[in-house]
Amino acid sequence: MGNFSRDTKTNAIGLTREDYRGAPSTLCKGCGHNAIAAQIIAACYALNISPEDVVKFSGIGCSSKCPTYFLSRSFGFNGLHGRMPSLATGALFADTSLIGIGLSGDGDSASIGMGQFKHVCRRNLPLVYIIANNGVYGLTKGQFSPTAEKNLELKRQGKNPYLPVDICMEAMAANATFVARAFAGDPKQLRELIKAALNHNGTAVIDVISPCVTFHNLDQSIHSYAWGKKHERQIHEISFIPDREEIVIDEFEEGTVKEIELHDGTSILIKKIGGDYDPTNRFQAFIMLEDAEINNLLLTGLIYLDTKQEPMYESFNLPDAALNRLPNEKLRPADETLEMVNSWML
Amino acid sequence: MTPVQVITDESLSAPYVNDFCITFSTVNGSGSATANLTVLRALFKMGIPVSGRNIFPSNIKGLPTWFTIRVSEQGYLGRLEKDAVVVAMNQKTILEEADWLVNGGVLLYADHLDLPRMRDDIVLYPMPIKKISSELEIPRQIRTYVENMIYVGILAQVLEIDLSKVKEALAYHFKEKHSALDMNYGAVRAGFDWAAENLVKKDPYRVAPMNATEGYILADGNSAAALGSIYGGMQFSGWYPITPATSLPEALIEYLPLLRTDEETGKASYAIVQAEDELSAIGMTIGAGWGGLRAMTATSGPGLSLMAEYLGLAYYAEVPVVVWDVQRVGPSTGLPTRSAQGDLTFAHFMGHGDTQFIILIPGSVRECFEFGWRALDIAEEFQTPVIVMSDLDLGMNHWLSKPFEYPDEPIKRGKVLWEKDFEAIEERLNVLGKKWGRYLDIDGDGVPYRTVPGNRRIGSSYFARGTGHDDYAGYSEDPETWKRGLDRLSLKLETAKEVLPKPVDEKMEKAEIGIITSGSTYPAVEEARDLLAKKGIRTDYLRIRALPFTDEVPAFICNHEKTYVIETNRDGQLKQLLTLEFPDLARDLRKLSKIDGMPLSAAWITDQIVVKERD
């Protein structure tokens, strides 16, 4: 696939995988978050994205340490707990040609950051918003997170008395235009979803069930590898197609494949598995999420996609050049305008 | 209540011209602002120095609101505690307002209001507003608004306000809306004519044309700050509404399209985003500042509290950003529509751990404009947050001022490295066997070189963080590295002192005592110094315009046996900061502060100092 082959050492822009790497991970061995970092690297490499064109953002928590472990050559900002989205909003306005990748966690986005998470969704800021969701606070050593299921038992915490937050449902309710769920134990699908998200012209939320092997990996808990492997149901087989000409629909049985075109001419190819699911149907998406919860399923895939909503930048009448490259003479009105301004002051 | 004093012929024969205070009392939401501003503007157009203060409730409709105009031949702009003229349109407060009047003062009141008891040392002019209104053709839904113009007309007759100037003021307000102008002026005229025929003038107050406002403007501090920021090249603001700061970002929204749309491309050189709260407003603004945009926001006390955590990060990660704190009365929600200088110590040390923020304190609308652009320069030059402390009195009220001045310095972006600059510095460092690091102090002034996202040069990127970091922005918990980093931030602040606005120093011959003040207390202090001098107390005066303090400050304190620190808060926060910084001089400082929500008056300051000096 693409104009490079697996065997060559560089991608189409002449970079090696090494050019996409970050510092060695200091997370626990087996942490789902490491898989996420690996798939971000794989997706950027595969899509020939220059690391200099990416800016990374994160909040606070294990998830938010993660941006250090990929794309060392990109700028990054590790902000405050739950407040990555606002930071990303301001920074990306500096140069809207940059690709923003935000990495957050369930504690970061569904607790203190719930407000910012939902508001960035409704503004449709072009941002890949990955939430590494493990149902537990890892960095503070094992407290319940807002996505932990009711009655979950954790050492030292006892039973969780509250119902969980469903991140995809929240994103849907906030009018997010790209909502997906993935499983860190299913890297291929995760990679395809990240690729699609990188080409989405708006906020792309990927809720990645990413088990915490140290504090929360009991087989019966819904954020564990074992439960995920047993209960995962892909709603479709998804592949991201960077070049439309490569799609050969004929290979598939008629009626089993749907192609969704993205703003930049790339597209997402969705192959049905079992039932008929249309991810562009908002109503169906809500039903699907509700159904997964009732039936105890880890539903993965592209849950919802709306390519018609304008990205946030659209209403700002921004210049073609990056705002942060405007010369000073474009920033200070001419001397003679001040007389007019003073005449307004009455 | 004031002792009863019957008006004598003598008081009538001594006219008060161009030196008194008028207060309009109306009900919040009744649309009186236009009427009151029309009077203010007409007086300004008559060439008389004026200032206008809105004293309003935290409410949209129904509660009492006051607008006070000080007319001052000598150009004093501070608040007067007593009124000469009250225009009363609110039943609930009419007795209270009558008490504010000086002996011989004038109470103009709508004649449908009850006057259960009244002082007999004041002049009463009932105004048949409803009757006059009933003879005018006004659509029902705007009748109460237009009725306000009737009292404008009556007042114009009583005080001899030039009607043609009233018309000019209305034309300014209504711009192209000719029918609105005609209707409102019709109401003014009706009031004026009624008074000419029916009202017998019994009071000594009047105005007379001067030429003291030629070349002056009337402006509020928030608009001035917004405009100054626009001329300072502001590019991004994430903001959230809060009284009394809201009109600052709203002024940005109003003026930016007029001043910062590219003539060739029609494109905007800025972006303004209304955030979901102050946590997000400051997050966006800091993100933008980090991204290389001239970034600013405006808020007030509660908002500043919410912004504290991100500002602490910006201080440590060295992100340029400007925050205007238009102060209101705290603690807590406090008095949201009243003025104070109560955030000073909080703002200066805001954040946990060792933080110290550069503070700018404008004392006039002209300085609001100047600090608008200057704050952005300082923030970028020193890669740090700059907090500009305005307040409700300065920010929302109408001040007579000399025109805004075009920045006399070029825009300063500080040590930002784009691709070519980066290459150059890499070469320079190569010779020394060094590499560029985001937090590496190359010049020894505490100010490192920064790069911003979008710089495509390999090696120019870095990972910004609030966690411990070394010269190369790498994560570090090393004790020595931490200490060195924090010490460098202190050095940076020292370097910054050189460019911070110096205090304004005004001397009086043979002065023995000193006065230190800052911000909006300036007009009251200026007037008080004249009043004190008349009583034989001569003062020197220093107005602080920035923190950290520069060397002029201790020098001033040393030169005076005793220095009063005058401010609008309970604890004397400026004095607290002076005491911390100059403990050896602290015994020469005297706290003179008050917080009741009202701007200080010259009379209060004078009385306080007189009592203390004669003890």
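Predicted model: local features only at pLDDT ≥ 70, side-chain atom pairs only at ≥ 80, totals over all residues.
A residue counts as buried when its relative accessible area is under 20%. Across all chains, the count comes to 25 aromatic pairs.

One of these pairs is made by A:F93 and B:F236, whose ring centres sit 5.6 Å apart with 50° between the planes, a tilted arrangement. A:F93 belongs to helix α3 of chain A (residues 84–94), while B:F236 is part of strand β10 of chain B (residues 236–239), so this pair joins two chains. Both partners are tucked away from the surface: A:F93 has a relative accessible area of 1% and is therefore buried, and B:F236, at 0%, is buried too.

Another pair stays within chain B. B:W436 is buried, with a relative accessible area of 8%, and B:Y462 counts as buried at 5%. These two rings also belong to a cluster linked by ring pairs, together with A:F57, A:F75, A:F77, B:W290, B:F422 and B:Y439.

Rings meet charges as well. In chain A, the charged end of A:R17 sits over the ring of A:Y45, 4.8 Å from the ring centre. In chain B, B:K167 places its charged end over the ring of B:Y185, at 4.9 Å from the centre.

Methods
Residues numbered from 1 in each chain as written. Chains lettered and ligands numbered in written order. Heavy atoms only, no water. Phe/Tyr/Trp six-rings, centres within 6.5 Å; stacked < 30°, edge-to-face > 60°. Helix = DSSP H or I, 4+ residues; strand = E, 2+ residues; numbered from the N terminus. Buried < 20%, exposed > 50% of the residue type's maximum accessible area, 1.4 Å probe, protein only. Lys NZ or Arg CZ within 6 Å of the ring centre and 35° of its normal.
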